Amino acid sequence: MSFPIVRHRRLRQSAGIRGMVRETVLDVNDFVQPIFVAHGSGIKREINSMPGVYHFSLDTLEEEVKDIVDLGIPAVLLFGIPESKDSVGSSAYDENGIVQQATRKIKELYPDLLVVADTCLCEFTDHGHCGMVHTFERDGHVCGDVLNDESLELLVRTAVSQAQAGADIIAPSNMMDGFVHAIRTGLDEAGFSHIPIMSYSVKYASAFYGPFREAADSAPQFGDRKTYQMDPANVREALREAESDVLEGADMLMVKPAMAFLDIVRLLRDQFDLPIVAYNVSGEYSMVKAAAQQGWISERAIVTEILLGMKRAGADIIITYFAKDAARWLREGK
Ligand SMILES: [Zn+2]
């Protein structure tokens with residue numbers, strides 16, 4: 001039996017033809033740049049484990065945000081480093097908290113730049129958990145239970161204060177049961193029914209968050225987050241989490257981390273009609289940076305391939321510490 005040779009290479013023979021048949025294209029409108037804001041002035045402090053990522057004070061933030069706007073990146077995701085922490089994370093919902101101040105400042109300077117506010121308590125609690133905890137001693141160790149329903153009230157206060165400061169999108173990352181419903185109700189009651197919720201629907205208990213915990217000084221002081229974040233071994237659980245967020249009123253669904261969980265991005269893309277967000281997290285960033293600094297990989301080619309992979313898997317939006325670099329490369333490539 002004979003059959004003709006299938007000439008796949010006809011469509012690969014020139015850059016022009018390859019461009020015409022390309023299925024997935026990265027665009028600057030896909031990106032969200034995370035930013036860390038701290039109290040003080042004149043601060044631009046590089047994070048050890050994340051070369052090229054900094055803590056900014058409100059004054060130095062101006063220049064950074066200008067760069068982001070000039071590059072055409074449509075949105076930033078704000079994380080705050082508070083002056084002081086306590087057991088209930090009170091600076092998370094203080095109207096003069098660092099995230100609220102930074103939001104007001106950015107919206108004043110660049111009303112069109114979208115501010116996504118991360119809504120959680122772990123950067124603001126002295127124990128580093130995402131909600132209120134009940135602590136007790138067992139065999140000489142401090143242990144704690146995260147109090148789900150008590151935490152919801154504080155998260156709602158945080159979300160409302162962020163919206164009042166001018167945040168365009170609320171991104172609750174805490175994974176308490178019922179968090180989307182609670183925040184949706186709280187926002188609606190406070191007159192913010194127009195503000196969308198980007199829910200961290202599928203957030204795995206992952207080792208890829210290590211560098212972020214240095215950046216935000218938010219490592220749990222006892223225990224871990226496995227009672228409210230997901231087991232990396234599970235897929236069906238991701239569907240249950242996303243399903244409940246959709247029912248509770250989420251407007252966008254996030255998968256975090258992204259690289260080791262692209263099957264989950266694709267699954268959510270196929271199962272739901274909401275925009276899907278992939279979070280290219282700190283550990284994914286640091287691995288690439290470290291290898292690039294050694295000269296072992298080509299940073300630009302690797303990053304482009306990683307971001308393209310996320311988009312191909314079905315992400316509409318990519319939160320990435322590489323947003324500025326990628327935006328620059330896309331511009332150079334044109
Ligand atoms: Zn948290």
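Arg213 counts as partly exposed, at 21% relative accessibility; the class runs between buried, under 20% relative accessible area, and exposed, over 50%, with a 1.4 Å probe and protein chains only. This is a predicted model, in which local features need pLDDT of at least 70, side-chain atom pairs count only at pLDDT 80 or more, and totals for chains, interfaces and linings use all residues. Residues are numbered from 1 along each chain as its sequence is written, and side-chain values use heavy atoms, with hydrogens and water left out.

Arg213 lies in helix H6, residues 210–216. Helices (H or I, at least four residues) and strands (E, at least two) are DSSP runs numbered from the N terminus. Neighbours within four places in sequence aside, Arg213 is in contact with Ser218, Ala219, Pro220, Arg225 and Gln229, where contact means heavy atoms within 4.5 Å.

Arg225 is buried, with a relative accessible area of 7%. Its contacts, again leaving aside neighbours within four places in sequence, are Cys122, Gly128, His129, Cys130, Arg213, Ser218 and Pro220. In the unreviewed UniProt entry, the annotation "binding site" covers Arg213 and Arg225; positions from UniProt are given in the numbering used here, feature names are shortened, and annotations may be inferred rather than shown by experiment. Both Arg213 and Arg225 are included in the lining of the largest cavity.

The protein donors of the zinc ion are the SG atoms of Cys120, Cys122 and Cys130, at 2.2 to 2.3 Å from it. Donors are N, O and S atoms within 2.8 Å of the metal (3.2 Å for Na, K and Ca), and since water is not among the atoms, sites may look incomplete. Along the chain the donors follow the spacing C-x1-C-x7-C. Cys122 is buried, with a relative accessible area of 6%, and Cys130 is buried at 0%.

The structure holds one cavity of 30 Å³ or more, and the largest cavity has a volume of about 160 Å³. On a 1 Å grid over the protein atoms alone, a cavity is a set of points where a 1.4 Å probe fits but cannot get out, and lining residues have an atom within 4 Å of a point. Grid points are joined across faces, edges and corners, and the volume is the space filled by probe spheres set on the points. The lining has 20 residues, of which Cys122, Lys203, Phe212, Arg225 and Lys256 lie nearest the centre of the cavity. E9 and H6 are the elements that give two or more residues to this lining.

Strand E9 also holds Ser201, which is buried at 0% relative accessibility. Not counting residues up to four places away in sequence, Ser201 touches Met175, Glu241, Ala242, Asp245, Leu253 and Met254.

E9 (198–203) is among the elements against which the buried residues of H5 pack, including also helix H4 (148–165) and helix H7 (236–248). Those buried residues of H5 (residues 179–189) are Phe179, Val180, Ala182, Ile183, Arg184, Gly186 and Leu187. Beyond residues up to four places away in sequence, Leu187 touches Ala159, Val160, Ala163, Ile170, Phe192, Ser193, Ile195 and Ile197.

Note on methods:
1 Å grid on protein atoms, 1.4 Å probe; cavity = no way out; pocket = protein on both sides within 12 Å on 5 of 7 lines; lining within 4 Å.
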